[in-house]
Amino acid sequence: MITVEHLTKRYGSHTAVEDLSFTVEDGCIYGLLGPNGAGKSTTMNILTGYLSPTAGRVSINGHDILEEPKAAKACIGYLPEIPPLYTDMTVGEYLRFVAELKGIRGKAARAEAAAACAARAGLQGMEGRLIRNLSKGYRQRTGLAAALLGDPGVIILDEPTVGLDPAQMIEIRTLIRDLGKTHTVILSSHILSEVQTVCDRVLILAHGRLAAQGTPEELAARLAGRSVLQVTALGTREAVLKAAQGVEGLCDITVAAEKDGEVSLRAAVTGTQDRRAALSEALGAAGCPVVALSAGSVSLEDIFLQLTEDEAAAEEKPPEQAAEEDAPAPDTAEEAACEEGPPDDGAAQSPASETGGGAPADAAAEKTTGEEE
Amino acid sequence: MLAILKREARSYYTGMVGYVVWAAIAAFTGLYFTVYDLLSASTDFASVLYLCSIILLFVLPALSMRSFAEERRAGTDQLLLTSPVGIPSIVLGKYLAQLAVYAAALLPACVMPLLLRCFARFALGTAYAALLAFFLLGAACLAVGTWLSAVAGNQILAYLAAFGALLVCYMMDSIQTLFTSGSTLAFVVFGVAAVVAGVLVGILCKSAVAGSGVFAAGAVALVVLFRLRPVWLVSAFNAVLGALALFDPFYTFVGGVFSVQGIVYYLSVIALFLFLTGQALEKRRWS
């Protein structure tokens, strides 16, 4: 089990990871999802002890990465974004070297472990090849085989499928799925569909913070498949908002535009029911005649982009202010609140804790939320 | 540590560096040995090594330059630093591999005194003591180079920095003679050192007060010394320069003196720079 508590990493004045907390349970495949520069690689480098955090704690199977680095590192197999290969060695030599590095004793035992891991990573017959001459796909496999050596309980893979052709991608994904049966796997990716197909749990990072977490199904249910209503009504911003918030089954209500006494709202529908009539009625009853109303659906990509981009907007203003502007802000706060009912001011704190609260099925999420609140 | 040592040593010979270093050292020791000892019928083997010592300036940085700079470029330091191996083992493994390659290059030189012995009777001990000092001198150069490789971002920079540093050490004798004139120069140099120390402390502690404090303390001490005991200042200055003269203890051996002090000096230099290498690696993780 990996516990990450309030992890922060700063490079000079730039903050790569800020106050990140999560728990990784044994025997699952975790996906770290986020756009480039979200802090995925930094997080992984800290987990594996390559970088030291500015603040916060990482413990791997109960071993603190700073206090007991050897014990902690022995539990981890790491494949960085660029596989750390010595190009002047052959695959076999390299794997035997890594085996020795990981403390496997005895020449025969090392050769055996290297051969077994090479076979597992699909490198049969490649042992004699110079790494320099290998294709990207085989280099990735060699790195993966090296990560598997020494039988670590946790395998950490940083963007394992980047730069591979589609066939290789599928092979590597199958391999990761296979690994997930015997190991805890953490992989990072900026490809949404990949994480969705491979991972049991997803952590979405944006701008160094945890934006959401849960199983892909939960996230998909929460984020995608939801229809969106766009309505324009006459009246004041407050009146229109109040009326819309009174409608059951709507969440994520945001003011899209406001002009000449017309207010355009965007609201997500939580259930499968059509809420157009209810919304229209509610607005009419509140004295805000509807002048336009349309329905559409949101893709997972849209929501992912929204989630990660909104983080940037939220980051620019102080949290208190963000909380005050709760309702109109297209914040992840509403994402969470929508499953529990209309958003209220009390529910809005940091985006991470919000979304954590929105995934009741996820024990890890619950824990994170508890700590942050 | 053993794994890193073996891999590192092997990689020196899968590329050209190992052979080039071997060839250069063997060629120059052989050449000088032939000319100075065999052809001129002399038994003075230490002088051969003395003449060869300048070769180390060019050759050894080529061994040490790649040690950490190359790992960093290729990203393989990620493998080492995330493996269950401590930083001391990594540094030691890499350093010992360089030492092994250097020692292999000295093997032909080991035979040379025995060859001389066939023709004349002379003290073998002096010759081998000089060889030992030559080896330790090279080992100290490698330690300096390893540290610079860990600090500098790339190999070429590491080579140039190591060459420059060793060159200054090599010429320290002549530099020292330039600086013996008067205590004012020593005062100025120590003053500059105090400023640098103050600035460094200020930056590292992120406190202007600490930095100014260090500088003020240094300045006061300097002024007091300069007023009361200017001679101390000069001798302290010379002692500092003397400590930087990496080649001096070796010359003592060449002169036929077995100097324990010299051996301790080289071992201390090695330990200091390997420690600094470890710190440089550690620092990179934190910045």
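The lining of the largest pocket divides into seven nonpolar, six polar and eleven charged residues. This pocket belongs to a predicted model, and about 440 Å³ of space lies in it. Helix 4 of chain B gives the largest share of the lining, six residues. At least two residues each come from helix 5 of chain A, helix 1 (2-14) of chain B and helix 4 (66-74) of chain B.

The structure holds three cavities of 30 Å³ or more. The second largest cavity has about 80 Å³ of space. Around the second largest cavity you will find Ile76(A), Gly77(A), Tyr78(A), Pro84(A), Tyr94(A), Lys102(A), Gly143(A), Ala146(A) and Ala147(A) from chain A, with Leu79(B), Thr82(B) and Ser83(B) from chain B. Strand 6 (76-79) and helix 5 (136-148) of chain A, together with helix 5 (77-82) of chain B, are the elements that give two or more residues to this lining. By class, the lining of the second largest cavity has seven nonpolar residues, four polar ones and one charged residue.

The size of an interface is often given as the accessible area lost when the parts come together. For chain A and chain B, the buried area is about 2500 Å², with 58% of it on carbon and sulfur atoms. On the chain A side, Tyr50(A), Tyr86(A) and Leu101(A) lose the most area to chain B, and together they make up 28% of what that side buries.

What polar links cross the interface? Ten residue pairs are in polar contact across it, both residues having pLDDT 80 or more.

Charged partners deserve a look of their own. Side chains of opposite charge can pair when their charged atoms come close. Two salt bridges are found across the interface of chain A and chain B. A salt bridge joins the side chains of Lys6(B) and Glu100(A), at 3.2 Å from N to O. Over all chains, the count of salt bridges comes to 18. Within chain A, Arg209(A) forms a salt bridge with Glu18(A), and their closest N and O atoms are 3.4 Å apart. This pair links distant parts of the chain: Arg209(A) sits in strand 10 (residues 209-214) of chain A and Glu18(A) in strand 2 (residues 14-24) of chain A, 191 residues apart.

Finally, step back and view chain B as a whole. Chain B has 14 helices and zero strands, and from the N terminus on its elements run α-α-α-α-α-α-α-α-α-α-α-α-α-α. Along the principal axes, the C-alpha atoms of chain B fill a box of roughly 70 × 50 × 30 Å.

Terms used:
Residues are numbered from 1 along each chain as its sequence is written. Chains are lettered from A and ligands numbered from 1 in the order in which they are written. Side-chain values use heavy atoms; hydrogens and water are left out. Buried area is the accessible area (1.4 Å probe) that two parts lose on being put together, summed over both. A salt bridge is a side-chain nitrogen of Lys or Arg within 4 Å of a carboxyl oxygen of Asp or Glu. A polar contact is a pair of N or O atoms within 3.5 Å; within protein, one must be able to donate a hydrogen and the other to accept it, and residues adjacent in sequence count only if both atoms are side-chain atoms. On a 1 Å grid over the protein atoms alone, a cavity is a set of points where a 1.4 Å probe fits but cannot get out, and a pocket is an open set with protein on both sides within 12 Å along at least five of seven lines; lining residues have an atom within 4 Å of a point. Grid points are joined across faces, edges and corners, and a volume is the space filled by probe spheres set on the points. Helices (H or I, at least four residues) and strands (E, at least two) are DSSP runs, numbered from the N terminus. Ala, Val, Leu, Ile, Met, Phe, Trp, Tyr, Cys and Pro count as nonpolar, Asp, Glu, Lys and Arg as charged, and the others, Gly among them, as polar.
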